[in-house]
Amino acid sequence: MIREMQRLTERLWSRRSNWHVGDLAWQRFEHVGREPEWQFELWHRDGEVAAWAWEQRGTDLFLQVDPACADLADEVLKRFPGRKVMVLDAEDHLIAALERQGYSAQDGQYQVFMSHDLAGLPEVELPAGFTVRSITEADLAQRVEIHQRVWHPSRVTEESYRNVMAAWPYRTDLDWVVEAPDGRFAAYCLVWLDARNRVGELEPVGTHPDFRRLGLGRAACFGAMRALRDLGAEQAIVYPVHGLPAEKFYLQLGFGPYARTLTYARD
């Protein structure tokens, strides 16, 4: 099911789209045991997926609809009425459908969509004794451990991360870490490559609490982004929440905003 959804996401990707193939892989596989909370549905036109919906916990609805089949947006919303829906401010066909169905934009937290050209990336700089590299399958336990420390409490486990590593389009050569002199992983950056559109998404990124303010998150990101460029990508994207420290971090790395999310709900 996820792979079919990704085909539509890959076909539609642009700066006017809310979804990247990496989003679907990460959100589907980062946890195990959540399947009973989810419902997926696909809509087809002319033999290919033209829309998909992913309902979460009976309250949130993720969706993507081909603008060439904009009428399907109304069908999706009618199928899952009353759910909270997040779209990109450039997705005019979805905004129009939401408004037709009695939804309105809500105030509150939103994500800023940002991009970085991969030409002319700076060299990776590290404090003495630290190294930056991509992981191998043998690093699974340490890779999970640093994620759990960064995002405590986290539901990511070795079992779920093994599922992530088995999902398309995950690649170990785009899963980068900074290793401390004592062998611990101090920071990390996972990038998902959409080769068709030559764009990679950073998701997720983090620095171990014991190693913050040393420039290690920056090093992990630029190491991964340089590897991304070497695979033929032309830009990297990321979606920090507005007003939180991550937004400032990515601005300092040279990412620039190009869109934002809007959340819609029924009045």
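Colleague: Which residues of helix α2 are buried?

Modeller: In this predicted model, the buried ones are Val21, Gly22, Asp23, Leu24, Ala25, Trp26 and Arg28. Buried means under 20% relative accessible area, exposed means over 50%, and partly exposed is what lies in between (1.4 Å probe, protein chains only). A helix here is a DSSP run of H or I with at least four residues, a strand is a run of E with at least two, and both are numbered from the N terminus.

Colleague: What are the ground rules for the model?

Modeller: As it is predicted, local features need pLDDT of at least 70, side-chain atom pairs count only at pLDDT 80 or more, and totals for chains, interfaces and linings use all residues. Residues are numbered from 1 along each chain as its sequence is written, and side-chain values use heavy atoms, with hydrogens and water left out.

Colleague: Are α1 and α2 roughly parallel or antiparallel, and what makes them so?

Modeller: Their axes come within 8 Å and cross at roughly 155°. That makes α1, residues 2-12, roughly antiparallel to α2. An axis is a line fitted to C-alpha atoms, for helices over the stretch in contact, and the angle between N-to-C directions runs from 0 to 180 degrees. Under 35 degrees counts as roughly parallel, over 145 as roughly antiparallel, 65 to 115 as roughly perpendicular, and the rest as oblique.

Colleague: And which residues of α1 and α2 meet?

Modeller: On the α1 side they are Ile2, Met5, Gln6, Thr9 and Glu10, and on the α2 side Val21, Leu24, Ala25 and Arg28. Contact means heavy atoms within 4.5 Å. By class, this contact has 5 nonpolar, 2 polar and 2 charged residues. Nonpolar covers Ala, Val, Leu, Ile, Met, Phe, Trp, Tyr, Cys and Pro, charged covers Asp, Glu, Lys and Arg, and the others, Gly among them, are polar.

Colleague: What about α5 and α6: what makes their arrangement roughly perpendicular?

Modeller: The axes of α5 and α6 come within 10 Å and cross at roughly 110°. That angle makes α5 roughly perpendicular to α6. Leu140, Ala141, Arg143 and Val144 of α5 touch Glu158, Tyr161, Arg162 and Met165 of α6. That contact divides into 5 nonpolar, no polar and 3 charged residues.

Colleague: Is Trp168 buried, partly exposed or exposed?

Modeller: Partly exposed, because its relative accessible area is 34%. Trp168 sits in the loop between α6 (158-166) and β8 (175-179). Leaving out residues up to four places away in sequence, Trp168 touches Arg3, Gln6, Glu10, Val21 and Ala25.

Colleague: How many disulfides does the structure hold?

Modeller: It holds 0 disulfides. A disulfide is a pair of cysteine sulfur atoms within 2.5 Å. Take Cys221: its nearest cysteine sulfur, that of Cys189, is 4.0 Å away, and Cys221 is in no disulfide.

Colleague: Why does Cys221 count as buried?

Modeller: Its relative accessibility is 0%, so it counts as buried. Cys69 is buried too, with a relative accessible area of 10%.

Colleague: What makes Asp46 and Arg57 worth a look in terms of phi?

Modeller: Most residues other than glycine have a negative phi, and most peptide bonds are trans. Asp46 is not a glycine, yet its phi is positive, near 50°. Arg57 is no glycine either, and its phi is positive at about 60°. Asp46 lies in the loop between β1 (38-45) and β2 (48-56), while Arg57 is in the loop between β2 and β3 (60-65). Asp46 counts as exposed because its relative accessibility is 82%, and Arg57 counts as exposed at 54%.
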